[in-house]
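Subject: Handing over the structure

Hi,

Here is the structure I promised to pass on. Have a look at it first, and then read my notes below.

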Amino acid sequence: MQFVDVVLPLNIAGTLTYGVPVKWQGKMQPGIRVEVSLGKNKLYAAIVVHIHDNRPEQYNVKPVRNIIDEKPVVTSRQLRFWQWIAQYYLCSIGEVMNAALPAHLKLMSESLLSWNESLQEPPLDLGDDAFIIAEALHVRKRLTISEVRQLLEGKNIAPVINELLEQEVAIVVELLEERYKPKTERYLFLEKRYENELLLQQVFTDLEKAPKQLSLLMQFFQLKQQDTAVPVAGLLKKAKATAAQLQALIDKGVLRTELIAVDRIGFISGQKDDVLQLSREQEQALLDIKTGWTENDVVLLHGVTGSGKTMLYISLIKEAIAAGKEVLFLLPEIALTTQIVTRLRSYFGDELGVYHSRFSDNERVEIWNKVKEGKHKVVLGARSALWLPFRSLQYIIVDEEHETSYKQYEPAPRFHARDAAIFLASLHQAKVLLGSATPSLESALNAQQGKYSYVALKGRYNNVAMPGVEVVSAKNFQAALSPLLTLDLLNAVKETLAQGRQVILFQNKRGYAPFLICGVCGWVPHCKNCDVSLTYHKSTDKLHCHYCGTKTAPIRHCPQCGSMGITSKSFGTEKIEEELQRIFPKVKTARMDLDSVRGKNKQAQMIEDFAKGRIDILVGTQMVVKGLDFDHVGLVGILSADSLLSYPDFRVNERAFQLMEQVSGRAGRSDGKGKVLIQAYNLKHPVLNWVSEHSYRSFYQAETAARQAFGYPPFSRMIRIICRHRDEAKAAKGIGLLAVELTKMPGVAVKGPAPALVPRVRNYYLQEVWLTVPKDAAFIQQVKEWITVAVNHVMQQKGNSTLQVIADVDPV
Ligand code: ADP
Ligand code: ZN
Ligand code: ZN
């Protein structure tokens, strides 16, 4: 008898074993999907990982119900990657599968097929089985996978579903979620046959009787000279023509229209950029990187902001593509802007695939398939791009490697994309390039210890100077002028605007008033679902919880003492924008934060407006910091440095230094005449000093000394264990039991149990312990096994079955 071990997209430990009916023996291979049942009547598409003939002793195996694929949908490399993630990050391989596979490959019994509403009726050229399903869908609009199965009476449903999806008769709907739609615009193109001069001449002659159409066509050619892609809206406006007149030309088959996603337009309209001239320093760095890779698989590229790291990435990608290999280019989600997409698209055209979490399931499938078929040679993506079915990676580039958003927190797998990338690279024998202007201490220490090779770009491209940094006292303001902006900052803004240059102001809090307090009794409004204070937003005139999104009516009277004295102790981006509009009524301002850029296109639009000079002052949170490259920014203001420096976390200095250095990096990128002004109360804070001098070295020395003294990472490893429950007592009891078990491990320091920093979120209570483990891979692995045993032990105790236990390995 033959057996297969399969992974199900569920949080169950390890794999499950099923028997293989004789008719499918010989057809099983790792990476294909099979249909299996679990429990009473739940059906799943499970992935085969192992084929063997060892009958399991503990339970009666069920047979595989059906074989779904003839060829593997995931490669054996991917399976090994999943296994590593599950083992390293303490989760089940099913959870990894769930995160890694696009929805259409999961096909659970709950999945639905949905009729494509733009069709009138089922197309006639479908296969017989597909036609049956299409007819049923046409009538019923939606069918579950089990219904499809019933209709096909036990036949293999996968090819039928594939046909329906490929012919766009149906789509798979799994979850009702907001779908990211790329912003599209309708563009006009000349039909191919009229690229022939003679035929085109004939069109012009024929059109003499239709002067309006003739003028439209001439305008079209004029616009096409400036830009290869001509937008419909632009042409109609320019030619003062109507849609009907344009339609006539389309009907005659002279022009055709096409919907194009806006982030692809950079590619359509520009020619492919082939020349790439590196500076001497860049050439040298490239050589050093290559040499570095002969010694270590990972190279850390430490290049100040504006040093031209991206150009180095581009030349490496070109080289890999020329060698027929692939490159994965990772960026933090927030830094994945149209700006960088357009820049890469101009070099790589359609060989570039872009992948991030805002894409819909269907778009993900499309990219998945293109990577699998080798059509996308380079993928620019956020951390989820690690799951794609690469064939043969030569390089993985992790830009802004210090970014904490590379770590996924919710849901499992709680992986760090940089660290996982290094493992993935080893599976492909690929090399890794970590890039940053402010490397994480983890990577810098690895470089210092020779585990990574180190390459530096010390100056900006073109010898552009680094911006001058000035720290000013936040006390130096005149309330009558502005209670938020110091006189120094006001003057600097005026001066910069007078020079016709732009300003970026950074504040790490959104909303209007992030912290309200009763001036009489000290009462603070809190969220009813979470233990956090609420932020007042003027745009909605509501109090918002930034943890759970709840909005409540604003409070004018203190419910505790009845006074009207509720005041605001801090200010957010919304308030700053209002303040600027009041002080500079003629100046164009814009605000970029989570509230103002709901939907990705708004952010892209704002970036473009700023780049084109249609905005003078941009106020924003982290979003204005990450990876943006503007030419005319003369001043960057950091409004409240103290709040960055007072976060209760041992990494606070590292975060603050990185953030401020990145923000200042937006100033004077093209001419070196940039200035940075930092408002702070505590002027003596060492981080401010390091930022003023752009001295990563001083930062590194001071910070590593402190971390080493306290035994913090990167000199040790941490694992955080969290117990989550709606009942506070149950969460506390669970963590208490766990702490007892975990304290039994020799060589591991256990801190806690204690409530989490935010002890309640969405009505779940969070209690945690922190483990500090020496940096020894084998020992850490033992500790992880111990944790698994301890967690199982606690979960099996009576009354704990509803407890959620989360392990967060290498938390950041
Ligand atoms: P970083 O990624 O290190 O912040 P960028 O790659 O964005 O730096 O480079 C900063 C600026 O210098 C960009 O505007 C870029 O276009 C320009 N630049 C860098 N290298 C070159 C080069 N070799 N040729 C032309 N322009 C370059
Ligand atoms: Zn009060
Ligand atoms: Zn809340």
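To start with, how many residues of strand β20 (residues 502-506) are buried? Five of its five residues are, so β20 is mostly covered, where buried means under 20% relative accessible area, exposed over 50% and partly exposed in between (1.4 Å probe, protein chains only).

Before the rest, some housekeeping. This is a predicted model, in which local features need pLDDT of at least 70, side-chain atom pairs count only at pLDDT 80 or more, and totals for chains, interfaces and linings use all residues. Residues are numbered from 1 along each chain as its sequence is written, chains are lettered from A and ligands numbered from 1 in the order in which they are written, and side-chain values use heavy atoms, with hydrogens and water left out.

Back to β20. Gln-502, Ile-504 and Phe-506 point one way from the strand, while Val-503 and Leu-505 point the other way, and all are buried. Helices (H or I, at least four residues) and strands (E, at least two) are DSSP runs, numbered from the N terminus. Two strands pair if DSSP finds at least two bridges between them. β20 pairs in the parallel sense with strand β28 (residues 633-638) over five bridges, and there Gln-502 has Val-633 as its bridge partner. β20 also runs parallel to strand β27 (residues 617-620), joined by four bridges, with Ile-504 opposite Leu-618.

Next, the zinc ions. Donors here are N, O and S atoms within 2.8 Å of the metal (3.2 Å for Na, K and Ca); water is not among the atoms, so sites may look incomplete. Cys-521 is partly exposed at 31% relative accessibility, and Cys-561 is partly exposed at 37%. Four donors count as tetrahedral if all angles lie between 85 and 135 degrees.

The zinc ion (ligand 3) is coordinated by the SG atoms of Cys-527, Cys-530, Cys-545 and Cys-548, at 2.2 to 2.4 Å. Here the angles are 106 to 115°, so the arrangement is tetrahedral, and the donor spacing is C-x2-C-x14-C-x2-C. Cys-527 lies in the loop between β21 and β22 and Cys-548 in the loop between β23 (542-544) and β24, so the pair ties together parts 21 residues apart in sequence. Both Cys-527 and Cys-548 are buried.

Lastly, the earlier part of the chain. An open sheet of five strands has the order β2-β1-β4-β3-β5, with antiparallel pairing. Its edge strands, β2 (16-20) and β5 (66-67), each pair on one side only. Five bridges join β1 (residues 2-7) to β4 (residues 42-52), and Phe-3 stands opposite His-52. Helix α1 (residues 76-88) has buried residues including Phe-81, Trp-82 and Trp-84, and Leu-90, which follows α1, has a positive phi near 55°.

Cheers

Note on methods:
Tetrahedral: all angles 85-135°; square planar, octahedral: opposite > 155°, others 65-115°.
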